[in-house]
Structures are given as structure tokens and as C-alpha cells.
Amino acid sequence: VSTQSTGANPADYPGVTDNEAFVKCYTQDLLKKAFPNLQDMQVTVFVDGMFALNQDTAAFREHLRDFIVQIKECAGEDLSDLYLQERQAQLKEAAQTKLKYQMTVPGILNPHEVTEDMSENI
């Protein structure tokens with residue numbers, strides 16, 4: 001077990017023989033200290049999920065978001081900013097769909113607002 005630059009002592013984790021298990025245990029301890037209001041099982045599930053979902057960015061992001069929701073719910077904080085990125089993407093897609101529709105109907109768009117790129121796509 002390598003402890004370079006962590007300051008962690010492997011003797012604090014008896015029975016841990018490989019680096020992955022050590023990192024899991026150490027991460028769980030850090031999270032338990034940082035968020036004492038969370039149950040041990042919540043922290044364990046989160047850390048195990050981080051290791052299991054490390055190759056799937058979307059699933060990892062959702063797993064992380066779920067954990068943040070748990071933390072913020074316990075603290076009574078506002079959760080609206082967690083879904084901001086998805087909401088912005090939905091709004092952008094809706095605006096593009098609306099523009100495409102408007103481009104198919106002659107006279108809806110002001111001719112001075114239509115760029116060359118837009119007129120080529122009609």
C-alpha cells in the first residue's frame with residue numbers, strides 16, 4: 001500500500017492489502033469526517049459507486065449529483081443549481097427547434113435577422 005503525499009497511515013486500516021481498498025477506506029473516512037450528518041451506509045454506497053462508475057461519465061455525474069442532493073437535503077440547502085447544466089441544454093434545444101420551425105414558415109422571421117447559414121438550411 002502506497003501512502004505517498006496522503007499522510008495516511010496504513011496501520012489505521014488493518015486488513016487492507018491493496019491500494020484500491022486503501023483509497024476506498026481512506027475516502028470513506030474523509031467523507032465521514034466532512035459530513036458527520038450522513039450515515040455510514042450512504043458514504044459507503046457513494047464511494048463504491050465512484051469506483052464502479054468511473055468509466056461512464058453520465059452515470060458517474062448522476063451518482064455524484066445524487067450524493068450532493070443527499071448532503072444538501074440534510075443541510076436544508078437549495079438544490080436547483082444541481083440540474084442547471086441539463087436545464088440549459090433543454091432550453092437551447094427548444095430554442096433551436098423553434099428557430100427551425102420558424103425558418104420553415106415564410107415571413108415569420110425578419111429577413112434582416114436571417115443569416116446566410118440559416119437561409120441555406122431552409
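Which residues do ring pairs link into a cluster?

**View 1. The protein chain has five helices and zero strands.** Welcome to this predicted model. From the N terminus on, the elements of the chain follow the order α-α-α-α-α. Of the 122 residues in the protein chain, 17% are buried. The accessible surface of the chain is about 9,100 Å², and carbon and sulfur atoms account for 52% of that area. Take the contacts between residues at least 6 apart in sequence: 21% of them join residues at least 24 apart.

**View 2. Helix H1 covers residues 19–34.** Look here for Phe 22, Thr 27, Gln 28 and Leu 31, which are buried in H1.

**View 3. Gln 28 sits in helix H1.** Is Gln 28 buried or exposed? Its relative accessible area is 12%, under the 20% limit, so Gln 28 counts as buried. Setting aside neighbours within four places in sequence, Gln 28 is in contact with Val 43, Thr 44, Val 47 and Asp 48.

**View 4. The largest nonpolar core has eight residues.** Its members are Leu 31, Leu 38, Val 43, Phe 46, Val 47, Met 50, Phe 67 and Ile 71. Helix H2 (40–52) and helix H3 (57–75) each supply at least two residues of this core. H2 gives the most, with four residues.

**View 5. Ring pairs join Phe 35, Phe 46 and Phe 67 into a cluster.** Here is the answer to the opening question. The whole structure contains three aromatic pairs. One of them, Phe 35 with Phe 67, is edge-to-face, with 6.3 Å centre to centre and 85° between the planes. This pair links distant parts of the chain, as Phe 35 is in the loop between H1 and H2 while Phe 67 is in helix H3, 32 residues apart. Phe 35 is partly exposed at 24% relative accessibility, whereas Phe 67 is buried at 5%. Why is the pair of Phe 46 and Phe 67 stacked? Their ring centres are 3.8 Å apart and their planes are at 10°, under the 30 degrees that stacking requires, so the pair counts as stacked. Because Phe 46 lies in helix H2 and Phe 67 in helix H3, this pair ties together parts 21 residues apart in sequence.

**View 6. Lys 24 lies over the face of Phe 51.** The distance from the ring centre is 5.2 Å.

Conventions:
Residues are numbered from 1 along each chain as its sequence is written. This is a predicted model: local features need pLDDT of at least 70, side-chain atom pairs count only at pLDDT 80 or more; totals for chains, interfaces and linings use all residues. Side-chain values use heavy atoms; hydrogens and water are left out. The expected span of a helix is 1.5 Å times one less than its number of residues. Buried means under 20% relative accessible area, exposed over 50%, partly exposed in between (1.4 Å probe, protein chains only). Contact means heavy atoms within 4.5 Å. Accessible areas come from the Shrake-Rupley method with a 1.4 Å probe; for residues, only the protein chains shown count as cover. A nonpolar core is a set of buried Ala, Val, Leu, Ile, Met, Phe, Trp, Tyr and Cys residues joined through side-chain atoms within 4.5 Å. Rings of Phe, Tyr and Trp (its six-membered ring) pair if their centres lie within 6.5 Å; planes under 30 degrees apart count as stacked, over 60 as edge-to-face and the rest as tilted. A charge sits over a ring if NZ of Lys or CZ of Arg is within 6 Å of the ring centre and within 35 degrees of the ring normal.
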